[in-house]
Amino acid sequence: MTIIVTGGAGFIGGNFIHYHLKKHPEDRVVCIDKLTYAGNLSTLVPVMDNPNFRFCKLDICDREGVFKVFEEEKPDTVINFAAESHVDRSIDNPGIFLQTNIIGTATMMDSCRAFGNIRYHQVSTDEVYGDLPLDRPDLFFTEETPIHTSSPYSSSKAGADLLVQAYHRTYGLPVTISRCSNNYGPYHFPEKLIPLMIANCLNDKPLPVYGEGKNVRDWLYVEDHCKAIDLIVRKGRIGEVYNVGGHNEMANIDIVKLIIKELGKSEDLITYVTDRKGHDLRYAIDPTKIHQELGWLPETKFADGIKKTIQWYLDHREWWEEIISGEYQHYYEKMYGNR
Ligand code: NAD
Ligand code: TDX
């Protein structure tokens, strides 16, 4: 099987490529990635020499370029990870989110239609459901929960999600969609909560917690997400949406304190800063459908996953130090300088 993976130089796409080439060494994997600020070729160094892997530096909105890759590779399956993925950046500047997340999704699906109705999987997010109240721990997102977004990021992902369903109904494109909760693990870009707190802790820098740190996220180890996507692509029912999450809800402040403890630092590093605009309170996934239909369950417990993740950041300082020494410094100053 030949599979096109978009956004493979990013966090989840990169982990997926490593997972896939190990699990299915007979498959050919072609990565399309524009290498935005979030894309790191160093993430793909371990597979660059694999004859079953090809990297194409390409924007998923570049119709001509994408069609050319389809013509050359004749893929059986496309998995679309590529996106602008950071909520704070979307609040600062929504335009590129609409372009990549919506137009890019349409371009990838048009290519699938043009080259023989190719199997298409959309990597969506639980953020399309909006948020849940903090005082109702009995409530969870199911696949039937209405789409109700909060940020330009989640709205652009919801737009893409609806387009994917429209291409299935209108053109019969064989699609599936996964809506996953917050991922953590290796190769996570240090603008996101967990890697940012690890990097700042290691550099004895303040740990910026938004608001009171009470917002809740449902954390899943990235490899468990990769396994879920692989299962959905191979065995999922066409036209269906699958929620992916591991019933691991935690308040931000508890995550930050855990990282401080693991790294032997002081809680004095915690700095409460102005809250994110429109900040979603709580995400919590009900994964019953993927469990019952496909037998998926998360395998990595948070207590183990966070230790592995912290160890990875300790062992791969060059990976994240290179990132935070460049353009990222301007971003950090803009986001946190006067917060
Ligand atoms: P990321 O920001 O780490 O990586 C995104 C990748 O896409 C980068 O390599 C970037 O270069 C590439 N990209 C961006 N715009 C592109 C374009 N126009 N053309 C080609 N490539 C482009 O993101 P991530 O955290 O790995 O998220 C991957 C996907 O998973 C996204 O669709 C995101 O919405 C979804 N998701 C993420 C999480 C999470 O916790 N990170 C949870 C649920 C869903
Ligand atoms: O410096 C920070 N301080 C802080 O308190 C940062 C970066 C974040 N936070 C809070 C905001 C959130 O409540 O931590 C929580 C997690 O924030 P992010 O890591 O930015 O993730 P989130 O906004 O939850 O979105 C993530 O999960 C869903 C991904 O970035 C999305 O791509 C995915 O769809």
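These legends describe close-up views of a predicted model.

**View 1. Ligand 1 and the residues around it.** The shell of ligand 1 holds 28 residues, and Ile-12, Asp-33, Ser-85, Tyr-153 and Lys-157 come nearest. Sorted by class, this shell has 13 nonpolar, 11 polar and four charged residues. At least two shell residues come from each of helix H1 (11-23), strand E5 (119-125) and helix H5 (152-171). Strand E5 gives the most to the shell around ligand 1, namely three residues.

**View 2. Polar backbone atoms beside ligand 1.** Gly-10 places a polar backbone atom 2.9 Å from an oxygen atom of ligand 1. For Phe-11, a backbone N or O atom lies 3.1 Å from an oxygen atom of ligand 1. Asn-183 likewise has a polar backbone atom, 2.9 Å from an oxygen atom of this ligand. On its own, ligand 1 has 840 Å² of accessible area, and the protein covers 96% of it.

**View 3. Ligand 2 and the residues around it.** Ligand 2 is surrounded by 21 residues, of which Glu-127, Tyr-153, Arg-276, His-279 and Tyr-336 are the closest. The shell around ligand 2 has nine nonpolar, seven polar and five charged residues. Helix H6 (193-202) and strand E8 (207-210) are elements that each supply at least two residues of this shell. The contribution of E8 is three residues, the most given to the shell around ligand 2.

**View 4. Side-chain and backbone atoms beside ligand 2.** In the side chain of Tyr-153, an N or O atom is 2.5 Å from an oxygen atom of ligand 2. The side chain of Asn-182 has a polar atom that lies 2.9 Å from an oxygen atom of the ligand. From the backbone, a polar atom of Tyr-210 is 2.9 Å from an oxygen atom of ligand 2. Of the 660 Å² of accessible area that ligand 2 has on its own, the protein covers 94%.

**View 5. Helix H10 crossing helix H11.** Helix H10 spans residues 302-315 and helix H11 spans residues 317-325; their axes come within 5 Å and cross at roughly 75°. Because angles of 65 to 115 degrees count as roughly perpendicular, H10 is roughly perpendicular to H11. On the H10 side, Trp-312, Tyr-313, Leu-314 and Asp-315 take part in the contact, and they meet Arg-317, Glu-318, Trp-319 and Trp-320 of H11. This contact of H10 with H11 has five nonpolar and three charged residues, with no polar residues.

Notes: Residues numbered from 1 in each chain as written. Chains lettered and ligands numbered in written order. Predicted model: local features only at pLDDT ≥ 70, side-chain atom pairs only at ≥ 80, totals over all residues. Heavy atoms only, no water. Axes fitted to C-alpha atoms, helices over the stretch in contact; angles between N-to-C directions. Helix = DSSP H or I, 4+ residues; strand = E, 2+ residues; numbered from the N terminus. Parallel < 35°, antiparallel > 145°, perpendicular 65-115°, else oblique. Contact = heavy atoms within 4.5 Å. Nonpolar A, V, L, I, M, F, W, Y, C, P; charged D, E, K, R; others polar. Near = heavy atom within 4 Å. Polar contact = N/O pair within 3.5 Å; in protein donor to acceptor, adjacent residues only side chain to side chain. Areas by Shrake-Rupley, 256 points an atom, 1.4 Å probe, with all protein chains shown as cover.
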